[in-house]
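Reader: Hi! I'm new to this one, could you walk me through a few parts of it?
Author: Happy to, let's look at it together.

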Amino acid sequence: MQIEKHLAFYFNYYDSSNNEKNDLFLEFNISRLFHARISQYLPGEMDVINVALWNYDKVLLHGRQLNIGLTYDAFLKVRIYTLFRWLAEMRADSSSIHNSTAYAIIENELLHHLEAYYLLHDIRHIPVEFTKDMMRSKLNKKKSFRLLVLECYKDIAQNIIKKIKELQPKEEYIIPTGWDGHAVCITFRRIDQTHISIRVDNPSPFNPPKRHEIKPIAPGAGVHRIRSKVLGLLDVANLDKNINYFMLLVDSMKRNLDEKTGIRLLYNSGRKIKGLEQRNDEAPTIIEQASTNCVVKCFEPGLRMRCGKQYERLCETLLKQEKITIIELMDKCKKYWEDDINGLPDQFDLFRKIDTIKILPAAPNFSLHEKLKSSYKRRYQHISNIINEQSSHRLEETFIDLKFKEEETIIQFEDLFSKPRILILGEAGSGKTTICQYAAYSWACGTLWQNQFDWLFYIKMRNLNENIYPSRQENYTLIDIIINECYKESTFIDIDRRKLEFQIAHSSKILWILDGCDERIIPSHLSNIEQELLSKANLFLTSRPYGTHRCHYDMIVNIQGFTDDDIKTYIEKYFSYLKRTTAQQCKTFVFHSDQLQKVACIPVCLQLICILWNSNHTKELDTIAKAGQLYEKICEYLLRRYLLKFHGLCTSALASKDVFEHPKAEAFKLLEYLAFIAAQSNKFAISGEQIWNITGRLCMDVLQSGLLKQKSGYHSPIFAENVYYFIHRSFQEYLCGRYMRRELTLNCVKKQKEVIRFIADHKYFRRMRQTFQFFFDLDQSDSCMKEFWSAVDCEPRDLIGLRHFSRMMQWVLDGTCVLETEDKKNIDRRTIDVIKRWILNKDRRPHDSANIYLFEWSIGVISEQVWLDAFKEDLFIENSSKRRYFMPGLWSETNIHELRNIYGQIPKDVQKIFALIKNGPTERVLRSLQIDTDKFPPPIFPKQKSIPKWLQEVHNKAKQNEAIMTLEEFQTILRNYSSYAELNCRTTILDIHT
């Protein structure tokens, strides 16, 4: 916070009407940073610094040689002065803060050079010889001096090690040192979570010779480019073991080492660094120094490395600014000594009465806020094309304003936040992630929720996994997650972390967008982070209809699919005004087929249709009736593109052939297996190591297929450490379905057993619903379906039987080979008869979960009137223990009596009436049926009665994992059924959806 204090101190006394006074006050302020006055340099000394900054050779001034070299102290003061002034100018001019990354880089460089300055300052103040007053009692002078010096060196070395450990990836710590007559920098660079690279930044190609890679800047030129020397990589765990090495570095900064000793130490010729791995790291190159100009030039490699090629111009600007600074400082020094000779008062006296810097209010911090917005604008300005990122469309030009539905009420996106916690539900490909990206981008551009939220943090919940956040000794914090997920590719330093922590702790207007709650695979070491995120006051949650466990929300809305007008608008925007004819042809084609039009209502499917149309892959496209068939067409297109591009095949070689069975298509089969393995372990992130273990020599072929993408902003030079996802989760589910079909059809017993076991274990899991749907959408053989139904019928089985029944209802027609019309009618009739008998069965035990499954899975095939008659009959049963639908824990007899009185007057909407019965007389449901809420007081649960801990655990486990319980657990539930029912009632009556 030191820079913040000095900037706040400066702006606290800033006078916009008096530039001369501001300039003087800036010098006064920076002098506080130095603990010294820069304008006290003699004019001759400033001439030497000036020549060094211009990198001149053999300069004479009135016969005086100026190429005599300068000290680290003098150079660092000029650079720090330049950086601080630049930062102050950006802070004063709020219009320049739009480039938040540039601001952060300048701030980071200022801190970096201040650290080097203070390190030199502290070492310089270690006495060369200790006086008697400084000596410890009872120790002779020689022994006392040696012990005290070593103690000082050790303290400084331990502090250096501590700061190196705290480095974030790509951050550096520099030790300015050298030997007699020559300066070099030893730079420690954090390259990943576990390793530090050690680099020698030496601007001389021949001092020492043959240590660095050098090349002439042009043929025959006498000037060279020199590359810094990377000594190797050091595990962070080995830093403490090298305390003696760091003490020697400290000693080299204090003493003037001879050339031989200095080279031996700094180039590690004597193997002083323990555990150094001979591995390389990237190293910068610079143009060699002018004679005796090593001090200035040895700082240049690190500067260029930290700025990177992307901000190379920023680096050049700094070097130019320093040349301007030195001219101004030369004038200041000249005036200071003239005033001193003439006996004039010190100009700093104007500010002597100002108290020492205390805790002052920080100047407005634009950096973090604008950096966040800049990140969102850069990353979400385009709606990504699933197949080809290069042909993405601008979000503002192609976004379709989706509608949301809360029961029967249609809500516009801008009006969602009538309540603080919103849950958005949508099926696969319905546009949940696009909505989140649109929200983040629009907020960053100032067009959405500006008055409601000062901060917006967008986090993809699937990224909270052990591949991206591996377990480590130091626990992750929420700030770690925010920086990694929200501030992509931004320079972030320790001071920024503290600022962000402060802002989050003191702001109530923060919106947290948590995308993909159904994709959470949270490792134990991140469970506290998950809990902290889900407990925030303002939440925007998205999920498929399942997977909302632990989510607390005030309103739940469903994304509506594309309307016919939306489909037309999307196609027009996709092809833009330059391809009007193509757009019109595509619209005509889509609306010519009722089946294709139905598939096009799903946003992701419509994008795939447009991609195929734009690529002229429209053969048999009009025959598509199911989403799985569309995915098969797009995968065929990708596979053909891969074979043509990477295997040199010609189009004619692939004509009229099943491209999936081509000998070169082995990589695609491996992708199917990758998807299956991911589904087995319920994971979405796949590490490079996992890909390599499965694919081996075909690893690059798999990556070139176009179906995997690397996590954005997460790149490691080591392939095994990278993290990959399928281009869309639905592709992972489709490929898993393909793998199951293939192995159930082939005769490999081992793999077939693995698939059968997978189906048996996962048949009841709602998160597998889309995978099984894709499986049914594919063409199946009789033998394949025989094995599938065998797997479904295997143990484990639903103990009650109703969930198994619901799966059979859902799958029986999709999972049966082509039937004769009469056979299909018979199956339909028999299925409906079974459902009716269950509905009308008066002897079965009331069971809320059973009724939920029965209603949700059969409402589409049974007349609504059958349900309405059953509900009415149940309502008028006098004996509460005989009612099948109105649970006593939710419905008191008073409320039952009141509902009977008004039942004939309420709308006969079967869905809303079922919601009323299922949830009890909650305010939200009563209002949906236009019922006076005052007539239905909620039930009161006994306070003294607590739910057993084991029962609460079983309840949570069932909600989260859909676990199939053992017979023993089920029997225990039955013995304690009243407690379990009460637990369900409590969560329901409090309007907590599970």
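This is a predicted model: local features need pLDDT of at least 70, side-chain atom pairs count only at pLDDT 80 or more; totals for chains, interfaces and linings use all residues.

Reader: Great! Is strand 5 mostly covered or mostly open, and how many of its residues are buried?
Author: Strand 5, residues 195–201, is mostly covered, with seven of its seven residues buried.

Reader: Which residues lie on each side of strand 5?
Author: His-195, Ser-197, Arg-199 and Asp-201 are on one side, while Ile-196, Ile-198 and Val-200 are on the other. Both faces are covered.

Reader: And what does strand 5 pair with?
Author: Strand 4 (residues 182–190) pairs with strand 5 in the antiparallel sense, over six bridges. These two strands make a hairpin, with four residues between them. Strand 5 also pairs with strand 8 (residues 229–235), again antiparallel and over six bridges.

Reader: Where does Val-200 come into those pairings?
Author: Val-200 is the bridge partner of Ile-186, and in strand 8 Val-200 is partnered by Lys-229.

Reader: Nice. Changing topic: what is the strand order in the open sheet of three strands?
Author: The order is 20-22-21, and the pairing is antiparallel. Strand 20 (686–687) and strand 21 (708–710) are the edge strands, each pairing on one side only.

Reader: How many bridges join strand 21 to strand 22?
Author: Three bridges join them, and strand 22 covers residues 723–726. Leu-708 stands opposite Phe-726 of strand 22.

Reader: On to helices! How do helix 3 and helix 11 cross?
Author: Helix 3 (residues 43–53) and helix 11 (residues 312–341) have axes that come within 10 Å and cross at roughly 175 degrees. The two helices are therefore roughly antiparallel to each other, as angles over 145 degrees count that way.

Reader: Which residues make that contact?
Author: Helix 3 brings Pro-43, Met-46, Asp-47, Ile-49, Asn-50 and Leu-53. From helix 11 come several residues, including Ile-326, Ile-327, Met-330 and Trp-337. The residues of this contact divide into ten nonpolar, one polar and three charged.

Reader: Last one: what is the reach of helix 34 from its first C-alpha to its last?
Author: Helix 34 (residues 864–875) has twelve residues and reaches 17 Å, close to the 16 Å expected at 1.5 Å a residue.

Reader: Which of its residues are buried?
Author: In helix 34, the buried residues are Val-866, Trp-867, Leu-868, Ala-870, Phe-871, Asp-874 and Leu-875.

Methods: Residues are numbered from 1 along each chain as its sequence is written. Side-chain values use heavy atoms; hydrogens and water are left out. Axes are lines fitted to C-alpha atoms, for helices over the stretch in contact, and angles run from 0 to 180 degrees between N-to-C directions. Angles under 35 degrees count as roughly parallel, over 145 as roughly antiparallel, 65 to 115 as roughly perpendicular and the rest as oblique. Contact means heavy atoms within 4.5 Å. Ala, Val, Leu, Ile, Met, Phe, Trp, Tyr, Cys and Pro count as nonpolar, Asp, Glu, Lys and Arg as charged, and the others, Gly among them, as polar. The expected span of a helix is 1.5 Å times one less than its number of residues. Buried means under 20% relative accessible area, exposed over 50%, partly exposed in between (1.4 Å probe, protein chains only). Two strands pair if DSSP finds at least two bridges between them.
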